[in-house]
Amino acid sequence: MNIPNAPTGSAGENNAFAADLLRGHTDTIVLGLLRSSDQYGFEIYKAIRDATGGRHEIKEATLYATYRRLEKDGLVESYWGDETQGGRRKYYRITDAGRAVYHGNVAAWVATRRIIDTLLAVKDAKND
């Protein structure tokens with residue numbers, strides 16, 4: 001994951017923390033993007049970058065490893081596009097198993113976020 005112009009010090013550490021959190025959810029992010037339509041690899045990369053306003057990028061090598069893993073696990077399928085111009089593109093489509101994993105991961109994230117929010121609120125209350 002690349003964080004352009006990441007500041008140093010505590011703000012940079014916060015960005016590194018956020019980057020680690022995002023990296024841990026790469027599979028779910030990709031599955032989420034594929035829910036609405038089939039996409040090719042670089043298109044997914046751009047969608048992630050654009051969705052964060054360019055603040056966060058997941059390296060293409062990381063994404064292509066993710067595509068291979070998701071395909072191996074039966075969570076996505078791939079096929080070659082029939083572009084009339086330019087190079088051939090490999091498209092990815094989410095499977096029913098991929099949709100189930102996506103929904104399970106989102107539910108787990110929501111539950112985890114609630115717990116963390118609760119714990120952080122308790123800590124903040126003690127320090128205030």
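## Overview

Of the protein's 128 residues, 26% count as buried, and the model from which this value comes is a predicted one.

**Exercise 1.** Work out how many helices and strands the protein has, and in which order the elements run from the N terminus on.

*Solution.* Counting the elements gives five helices and three strands. Read from the N terminus on, these elements follow the order α-α-β-α-α-β-β-α. As a further step, consider the contacts in the protein with a separation of 6 or more: residues 24 or more positions apart account for 46% of them.

**Exercise 2.** Describe how helix α3 and helix α4 pack, giving the angle and the distance between their axes.

*Solution.* Helix α3 covers residues 41-51 and helix α4 covers residues 60-72, and the two pack at an angle of about 120 degrees with their axes 10 Å apart. Angles of 65 to 115 degrees count as roughly perpendicular and those over 145 as roughly antiparallel, so α3 is oblique to α4. The crossing of these two helices is right-handed. On the α3 side the contact involves Gly41, Phe42, Ile44, Tyr45 and Ile48, which meet Glu60, Leu63, Tyr64 and Tyr67 in α4. Sorted by class, this contact of α3 with α4 has seven nonpolar residues, one polar and one charged.

**Exercise 3.** Determine how α2 is oriented towards α3 and towards α4, and which classes of residue make the two contacts.

*Solution.* Begin with α2 and α3, whose axes come within 11 Å and cross at roughly 105 degrees; that makes α2 roughly perpendicular to α3. Here Ile29, Val30, Leu33 and Leu34 in α2 meet Ile44, Ala47 and Ile48 in α3, and the residues of this contact comprise seven nonpolar, no polar and no charged ones.

Turn next to α2 and α4, whose axes come within 10 Å and cross at roughly 75 degrees, so that these two helices are also roughly perpendicular to each other. From α2 the contact draws on Thr26, Asp27, Val30 and Leu31, and from α4 on Leu63, Thr66, Tyr67, Arg69 and Leu70. By class, the contact of α2 with α4 divides into five nonpolar, two polar and two charged residues.

**Exercise 4.** Which residues touch the most other members of the largest nonpolar core, and which elements each supply at least two of its residues?

*Solution.* The largest nonpolar core has 15 residues, and among these Val30, Leu31, Leu34 and Leu63 touch the most other members. At least two residues of this core come from each of α2 (26-34), α3, α4 and β3 (90-94).

**Exercise 5.** Decide whether Thr26 and Val76 count as buried or exposed, and list residues in contact with each.

*Solution.* Thr26 lies in helix α2, and because its relative accessibility is 4%, Thr26 counts as buried. Beyond its neighbours within four places in sequence, Thr26 is in contact with Ile58, Leu63 and Thr66.

Val76 belongs to strand β2 (residues 76-80), and with 3% relative accessibility Val76 counts as buried. Again leaving aside neighbours within four places in sequence, the contacts of Val76 include Leu31, Leu34, Tyr67, Leu70 and Tyr92. The C-alpha atoms of Val76 and Tyr92 are separated by 6.3 Å, although these residues are 16 residues apart along the chain.

Conventions:
Residues numbered from 1 in each chain as written. Predicted model: local features only at pLDDT ≥ 70, side-chain atom pairs only at ≥ 80, totals over all residues. Heavy atoms only, no water. Axes fitted to C-alpha atoms, helices over the stretch in contact; angles between N-to-C directions. Helix = DSSP H or I, 4+ residues; strand = E, 2+ residues; numbered from the N terminus. Parallel < 35°, antiparallel > 145°, perpendicular 65-115°, else oblique. Left-handed = near helix turned anticlockwise from the far one by under 90°. Contact = heavy atoms within 4.5 Å. Nonpolar A, V, L, I, M, F, W, Y, C, P; charged D, E, K, R; others polar. Core = buried A, V, L, I, M, F, W, Y, C linked by side-chain atoms within 4.5 Å. Buried < 20%, exposed > 50% of the residue type's maximum accessible area, 1.4 Å probe, protein only.
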